[in-house]
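Here are my notes on the model. Please read them with the structure open beside you.

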Amino acid sequence: MSRARVFDRLATLLLWAAGLGTLVILAAFLIRILGQGLPYITWDFLTTRSQAMKAGGGVGSQLFNTFYLTGLSLLFSLPIGVGAGVYMAEYAKPGRFTDLVRLSVEALASVPSIVLGLFGMILFVNTMGWGFTIIGGALTLSLLNLPTLVRVTEETMRSVPAIYREGSLALGATRWQTVSKAVLPSALPGILTGVTLVAGRAIGETAILIYTAGVTASRHMGDLNLFNAGETLAVRIWYVKSEGLVPDADAIAAGTSALLLIVVLVFNLALALPLYLWQKKRMGR
Amino acid sequence: MAEQARISAQNLDLYYGAFRALRSISLDIAEHRVTALIGPSGCGKSSFLRTLNRMNDLVQGARVQGKILLDGKDIYAPDVDVVLLRKRIGMVFQRPNPFPMSIYDNVAYGPRIHGESNKRVLDELVESSLKGAALWDEVKDRLSKSALGLSGGQQQRLCIARSLAVKPEVLLMDEPASALDPISTSKIEDLIRDLRETYTIVIVTHNMQQAARISDFTAFFLSGELVEYGSTGAMFTNPKDQRTEDYITGRFG
């Protein structure tokens, strides 16, 4: 066998092993987390309020807050993030302003989340005097989402073939019609992948929320008050394992960890399924 | 030229940055005729075509000097609405570029962006445009299916139908058959002959037989200059310029 052939085989083998390795690590991780946590996930655990001192508390409010905070943060960051991304991809001409926007996005992306958390605390908790609030947490989370959304949007918009743009413009479409009707719909799947990425990170975020949304939660699951403190599942895990006084901290942490994984999965499905149906409708059968 | 000129280029120069892609082109395009632009790669024929509906506006650093008159009015005048201009002058591209949506939505795209929302009007437009592009019989039972499922030749005729749906007066075609097989090509050529009745057509082609088959007038471009322009019959049987003769007899290009 020639040298090139040997290397070809070797490369195939190594890449296959890398793929398999990833799979094994993920599988081992999932089996362990879910195996440990699932037994604790009962209806009561999912719906009752948490306890400060006694065993047997649930994570009802935290579960709700996780969706609520993530949803709110997307509500704030999506319009700005996607808007800026579309601007960068379709409108921005090379120049000072474009460079500045790009630099800002990169700078924001490189800020560690704990720093964002402290910033949020100074601004919303102290300066505005709101204390630990869901709205403060969601706004600070938006800062974490923003750079990823801008970048993903810009990159996907750029990857849409130029021939769609030309086809649309040649029919007498304005730039906005072309962007909104021909380019953006084609970029939507990519943008949504970015949204799931961002949502996954927001759902699991702790550093930011400890300082802005706090480590307590409403007694009532589904409390919409934006000015309540809003502990999430991820923050709950951190809290019971580091500062909590509940005797069943390990059980709560295990159950919440498994629940967190499921929440990410549900959130992603909730985004992907409508997209899939919409695309099927748009593309024609 | 004795024929009624629909479009008239006058001393047209096109620059891409410092590069002069077109040199003082003057050319009248006759109404309800097919005008073919031929010449070797990089000669400026596609660039010229794209000045006619101002698609070059999209290219960074592109600059036009001189005039292009459509019905006597300069399309580069400051008060010209480019959107309206492109509605009047449709374009079909080299690579078929149907949008990733249904066949129906592709054809209805243009009318919809120009404000048509009446379902009955749209239905009629879609049907007449697809018939105009000789595609109706092949797709009438699957209008709601994806346009990307069509063959390359069908996709190109769909793109022609999409252009027809906004009721243009002039159709620009940039090598519309160069990515297609011979059978699809001959369908497109038949179609162009039919469309001539209603539209003024300007077509860029690499294929000289094609120019000879379908066009009434031919313009030969070389290095950004218009070398020769005249009736297709005369040009292919009795070229006036030596360079034209060399090109059409296959000595270069």
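1. Of the 285 residues of chain A, 40% count as buried. A residue is buried if 20 or more other C-beta atoms lie within 10 Å of its own, exposed if 12 or fewer, and partly exposed in between; the C-beta atoms are placed from the backbone. This is a predicted model, in which local features need pLDDT of at least 70 and side-chain atom pairs count only at pLDDT 80 or more, while totals for chains, interfaces and linings use all residues. Residues are numbered from 1 along each chain as its sequence is written, and chains are lettered from A and ligands numbered from 1 in the order in which they are written.

2. Next, confidence. pLDDT is the predictor's confidence in each residue, from 0 to 100. Chain A averages 94, and 99% of the residues score at least 70. Within chain A, helix α5 (residues 113–127) has the highest confidence, at 97, and α11(A) the lowest, at a mean of 91. Where pLDDT is low, the predicted coordinates should not be read in detail.

3. What is chain A built from? Its secondary structure comes to 11 helices and 0 strands. Helices (H or I, at least four residues) and strands (E, at least two) are DSSP runs, numbered from the N terminus. Along its principal axes, the C-alpha trace of chain A spans about 70 × 65 × 40 Å. Two residues are in contact if their C-beta atoms, placed from the backbone, lie within 7 Å. Of the contacts in chain A with a separation of 6 or more, 75% are between residues 24 or more positions apart.

4. Look at helix α11 (residues 249–283) of chain A. It has 35 residues and reaches 50 Å from its first C-alpha to its last, close to the 51 Å expected. The expected span is 1.5 Å times one less than the number of residues. The buried residues of α11(A) include I252(A), L259(A), V263(A) and F267(A). Among the elements covering the buried residues of α11(A) are α1 (3–37), α3 (60–91) and α8 (175–204) of chain A.

5. Where is G244(A)? It is found in the loop between α10 and α11 of chain A. G244(A) is buried, because 21 other C-beta atoms are within 10 Å. Leaving aside neighbours within four places in sequence, G244(A) is in contact with Y239(A) and A249(A). The C-alpha atoms of G244(A) and M53(A) are separated by 8.2 Å, although the two residues are 191 apart along the chain.

6. Now the A–B interface. Here 18 residues of chain A are in contact with 26 residues of chain B. On the chain A side, the elements that give two or more residues are α7 (162–170), α8 and α11. α7(A) gives the most, with 6 residues. By class, the chain A side has 8 nonpolar, 6 polar and 4 charged residues.

7. In chain B, why is strand β9 (residues 217–222) described as largely enclosed? All 6 of the 6 residues of β9(B) are buried, so the rest of the structure largely encloses this strand. Both faces are covered: F217(B), A219(B) and F221(B) are buried on one side, and T218(B), F220(B) and L222(B) on the other. In a regular strand the side chains alternate between the two faces of the sheet.

8. Which strands pair with β9(B)? Two strands pair if DSSP finds at least two bridges between them. Strand β3 (residues 34–38) of chain B pairs with β9(B) in the parallel sense over 4 bridges. There, A219(B) is the bridge partner of L37(B). Strand β10 (residues 225–231) of chain B pairs with β9(B) in the antiparallel sense over 6 bridges. F221(B) stands opposite L226(B) in β10(B). The hairpin of β9(B) and β10(B) has 2 residues between the strands, and S223(B) takes a positive phi near 50 degrees.

Methods: Ala, Val, Leu, Ile, Met, Phe, Trp, Tyr, Cys and Pro count as nonpolar, Asp, Glu, Lys and Arg as charged, and the others, Gly among them, as polar.
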